[in-house]
Amino acid sequence: MNNIIVLPLIIPIFTAVILVFLRNYIVVQRMITITTMIAVSIISFFLLELVQREGIIKLDFSGWKPPFGILFVADTFSVLMVLTSSIVTVFCLLYAFSTIGERHENMFIYSFVLLLVGGVNGSFLTGDIFNLFVCFEVMLMASYVLVALGGEKVQLRESLKYVLINVIGSSIFLIALAYLYSTVKTLNMAHIAERVAEAGQDPMLTTVALVLFIVFSLKAGLVLFFWLPGSYVVPPTAVQALFAALLTKVGVYALIRTFTLMFPHQPEVTHTIIGIFAGATIILGCMGALASRNVLTIAAYNIVIAVGFILIGLAVGTESAIAGSVYYLIHDMVAKALLFLLVGMMVYLTGEKLIDHMSGLIRNYPLFGWIYFLTMLALVGIPPLSGFVGKVLIGKGSIEAGSYVLLFLGFASSLVVLFSLLKIFLSSFFGETIITNEDKKPLPIASMASFIALALCMIAIGLGAEQLLVYVQDATNILVNPSIYIDAILSES
Amino acid sequence: MRINDVILRTVVKVVIFIILTLGVYLFFSGHNAPGGGFIGGLVLASGIILLYVTYDIDTIQKKMPFDFKKVAALGVLIATGTGLGAIYLDVPFLSQTDGHFQFPFIGDKHLTTVTLFEAGVALTVIGTLVTMILSISEDE
């Protein structure tokens, strides 16, 4: 029985509910939360090995056979995402323990983090598009609370916007699902893919695909990212890092899944639009990152740039480009979490958000400064760090397909990323120190441990590219040959 | 100033039993006929909210000293717990089973595990709804 597939969803949710009863025992809460996430990481790793051995595996809930029941599907792509998100969550939690403060811990924050992770893992693993909607909602409900928790004025303002935009997004999602169901009469993703392939992707289905595209773009921050820089910078740092690492990536995952599995038949319409959106996202994100002098906003715009960059791979659609997208997605989850934790720590240490008001941090905290430098190099894509292989693969794919404009935009964005992050480095880490030894705040050891661990992950993703590429290539193989996925789900075994 | 609500109070004393009975009936008829944990829970919750409206919060809280947030959590715990039970028995997640049992005096009864799941759903709905209404009413 393949019940292991559902564990990354159900264990966090079950534990989250148990934590509600342990509201006043904060130490117990912390221990249970981190143990749970470590357990989920280990389970995901086993799941990855299992998928490697046995190919795509599925779990029919209550034994209802597809296409009638809901099912969870584990293929290499989804399990890689689950594994990465679980590991990143462990380190974000480690950071949260030392910085988040008792006020948040008393208000069920760990429960909501676990619910968020449950929703994220569910979105990655589900094989039913309505179930995808449900898992999105679980994730979003938890994120609404996490944005608003803390009760500051700015949080109220941003959470109102965030909730409103996502409620609208979800209702459009629901409408798109209704259209989809009325045309293909099924909600099972493999079954939809099969029927769309049989009937041909007519204009009606392409329209449905584009409505879904708009919804996922809203969640992923593709062009429609106007809500993102505001709402991602208001919650506590650990939550910001989780959002940066997980939330937009779920949207990107949904986009890749939708347009490789279900609607790949009209690339001259859909993939062209994805390409235009990806290019526009990169340009707008770069403008935001260049214009801002607030460390948190610069980091938030870097998320946007990365989303655009990953989707170049999908827009181009060749095998190496999609492999690059998968690889870069993994890298970006780790690197963005680390970037947000680092800039959050800068704000915590200095009490300032503008780069002009910080200076000379590297003299007070040398290791911290160099880890920031390392993160910057990884995000820019300097070998042998983690961003390099993904960028090379996406670049190679764009050249194969002859998309030179996207190629140029993608690599020009690397320079902008370098410039925006170097701006922080030069003005905040270098220069005369503003913190005297007397008012120097000690850097919490647990936070330092999470920085080092995430930095090591980044180096490992870069140096272990050869081992990781085996998995990535397997994931890509399923993405470019949707028939493997469809056969694995719908064939009678 | 207290409004004169003697009619409401008198009516509620009788009607509340009808509402709660209907809620329980809907809950048990659930898995085969219209009804179920969600709808049963809604009716039960509306009964409880009616009590809160008729009498004041303090009186009801004295007689029903539950933290409704925890009631909701307990509900989710039961519902997901039935799923975990399926994992423990090595059948597909959320599998349900049923059977006919002979009891003394009441005779043959059809018992299902889905009732447990529905009980979880009902508790979640009650807990969530009452918490929502109470939070709104606490607003000054």
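1. Of the 24 residues of H3(A), 20 are buried, so the helix is largely enclosed by the rest of the structure. Buried means under 20% relative accessible area, exposed over 50% and partly exposed in between, with a 1.4 Å probe and protein chains only. Helices (H or I, at least four residues) and strands (E, at least two) are DSSP runs numbered from the N terminus.

2. The model is predicted: local features need pLDDT of at least 70 and side-chain atom pairs count only at pLDDT 80 or more, while totals for chains, interfaces and linings use all residues. Residues are numbered from 1 along each chain as its sequence is written, chains are lettered from A and ligands numbered from 1 in the order in which they are written, and side-chain values use heavy atoms, leaving out hydrogens and water.

3. The end C-alpha atoms of H3(A) are 35 Å apart, which agrees with the 34 Å that its 24 residues should span at 1.5 Å a residue. The expected span is 1.5 Å times one less than the number of residues. Just after H3(A), Gly101(A) takes a positive phi of about 90°.

4. Three cavities of 30 Å³ or more are found in a search of the whole structure. On a 1 Å grid over the protein atoms alone, a cavity is a set of points where a 1.4 Å probe fits but cannot get out; a pocket is an open set with protein on both sides within 12 Å along at least five of seven lines; lining residues have an atom within 4 Å of a point. Grid points are joined across faces, edges and corners, and a volume is the space filled by probe spheres set on the points.

5. The largest cavity has a volume of about 70 Å³. Its lining includes Asn302(A), Tyr328(A), Lys336(A), Lys391(A) and Ser413(A). Helices H13 (295-316), H14 (319-350) and H18 (404-429) of chain A each supply at least two lining residues. By class there are six nonpolar, four polar and two charged residues; Ala, Val, Leu, Ile, Met, Phe, Trp, Tyr, Cys and Pro count as nonpolar, Asp, Glu, Lys and Arg as charged, and the others, Gly among them, as polar.

6. The second largest cavity holds about 60 Å³ of space. H3 (76-99), H5 (109-125) and H11 (237-262) of chain A each give its lining at least two residues. That lining has ten nonpolar, no polar and no charged residues, among them Cys92(A), Tyr110(A) and Leu242(A).

7. The second largest pocket has a volume of about 490 Å³. It is lined by 23 residues, of which Val234(A), Pro235(A), Pro236(A), Thr237(A) and Gln240(A) lie nearest its centre. H3, H4 (102-106), H7 (153-184), H11 and H14 of chain A each supply at least two residues. The classes are twelve nonpolar, seven polar and four charged.

8. Over all chains, 32 aromatic pairs are found. The rings of Tyr95(A) and Phe451(A) have their centres 5.8 Å apart and their planes at 45°, so this pair is tilted. Rings of Phe, Tyr and Trp (its six-membered ring) pair if their centres lie within 6.5 Å; planes under 30 degrees apart count as stacked, over 60 as edge-to-face and the rest as tilted. Tyr95(A) lies in H3 and Phe451(A) in H19 (residues 445-463) of chain A, so the pair ties together parts that are 356 residues apart in sequence. Tyr95(A) is buried at a relative accessible area of 1%, and Phe451(A) is buried at 0%.
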